Amino acid sequence: MAELHDLTALEQAALVRRREVSPVELVEHYARRSDRLDAEVGAFVTRTDDLALDAARAAERRLAEAAPEEDLGPLYGTVVPAKDLVFVAGVRCRLGSVAYDMTPFGDDHVVTRMRQGGLLITGKTSTPEFGLPCYTEPDPEVGPASRTP
């Protein structure tokens, strides 16, 4: 089998549905990959590995209890980060700006929908200030510049 990160999200979800890969394995795989590459790539401003692992364990329990014909969604059990332009309950949000710093008490609608679809949120990724410039080089106090390989 190819490396997990070489597969599409749909291919990963198919492995999860067939119980060939668990949601916990996916979270752990991407956490190790982020540990190894993030200093160079600068993708994350906030990682939520513990929250993602808790959600992955819950996803595994639901998967184990689901009837074979139950449709959990096309991306159930796969991992995804959220841009630091959206609110994720309990996770710091900076919007790429030194002028903004808060921890929201609730999720934005898109995050609610992601969770409803069984996606596991692994953290917040760097963003241009307020999402406006066409490059991602926030103030170093906010996060690293992102490098697209």
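**Pockets, helices and a few residues**

Reply: Sorted by class, the lining of the largest pocket has eleven nonpolar, five polar and four charged residues. Keep in mind that this is a predicted model.

Me: OK. How much space lies in that largest pocket?

Reply: The largest pocket holds about 470 Å³. Its lining has 20 residues, and Tyr-30, Arg-33, Ser-34, Phe-44 and Pro-81 are the closest to its centre.

Me: Which elements supply at least two residues of that lining?

Reply: There are helices and strands on the list: α2 (23-41), β1 (44-47), α3 (49-65), β2 (79-83) and β3 (120-125). The most comes from α2, which gives eight residues to the lining of the largest pocket.

Me: And the second largest pocket, what volume does that have?

Reply: The volume of the second largest pocket is about 220 Å³. Its lining is made of 16 residues, with Ala-55, Arg-115, Leu-119, Leu-120 and Ile-121 nearest the centre. Two or more lining residues come from each of α3 and β3.

Me: Which element gives the most there?

Reply: For the second largest pocket it is α3, with six residues.

Me: How do the residues of that lining divide by class?

Reply: The lining of the second largest pocket has twelve nonpolar, two polar and two charged residues.

Me: Switching to packing. At what angle do the axes of α2 and α3 cross?

Reply: Roughly 160 degrees, and the two axes come within 8 Å. Angles over 145 degrees count as roughly antiparallel, so α2 and α3 are roughly antiparallel to each other. The crossing of α2 past α3 is right-handed.

Me: Which residues meet in that contact?

Reply: From α2 there are Pro-23, Val-24, Val-27, Glu-28 and Ala-31. On the α3 side they meet Asp-49, Ala-52, Leu-53, Ala-56, Arg-57, Ala-59 and Glu-60. By class, that contact of α2 with α3 has eight nonpolar and four charged residues, and no polar ones.

Me: Now backbone. What is phi of Arg-19, positive or negative?

Reply: Positive, near 60 degrees, and Arg-19 is not a glycine. Arg-19 sits in the loop between α1 (9-17) and α2.

Me: Why point that out?

Reply: Because most residues other than glycine have a negative phi.

Me: What about Leu-95, then, what is its phi?

Reply: Leu-95 has a phi of about 55 degrees, again positive in a residue that is not a glycine. Leu-95 belongs to the loop between β2 and α4 (109-116).

Me: Last one. Where is Thr-46?

Reply: Thr-46 is in strand β1.

Me: Which residues is it in contact with, leaving aside its neighbours within four places in sequence?

Reply: Thr-46 is in contact with Val-91, Arg-92, Gly-123 and Lys-124.

Me: And how far apart are Thr-46 and Arg-32?

Reply: In sequence, Thr-46 and Arg-32 are 14 residues apart. In space, the C-alpha to C-alpha distance between Thr-46 and Arg-32 is 15 Å.

Key. Residues are numbered from 1 along each chain as its sequence is written. This is a predicted model: local features need pLDDT of at least 70, side-chain atom pairs count only at pLDDT 80 or more; totals for chains, interfaces and linings use all residues. Side-chain values use heavy atoms; hydrogens and water are left out. On a 1 Å grid over the protein atoms alone, a cavity is a set of points where a 1.4 Å probe fits but cannot get out, and a pocket is an open set with protein on both sides within 12 Å along at least five of seven lines; lining residues have an atom within 4 Å of a point. Grid points are joined across faces, edges and corners, and a volume is the space filled by probe spheres set on the points. Helices (H or I, at least four residues) and strands (E, at least two) are DSSP runs, numbered from the N terminus. Ala, Val, Leu, Ile, Met, Phe, Trp, Tyr, Cys and Pro count as nonpolar, Asp, Glu, Lys and Arg as charged, and the others, Gly among them, as polar. Axes are lines fitted to C-alpha atoms, for helices over the stretch in contact, and angles run from 0 to 180 degrees between N-to-C directions. Angles under 35 degrees count as roughly parallel, over 145 as roughly antiparallel, 65 to 115 as roughly perpendicular and the rest as oblique. A crossing is left-handed if the near helix is turned anticlockwise from the far one by less than a right angle, and right-handed if clockwise. Contact means heavy atoms within 4.5 Å.
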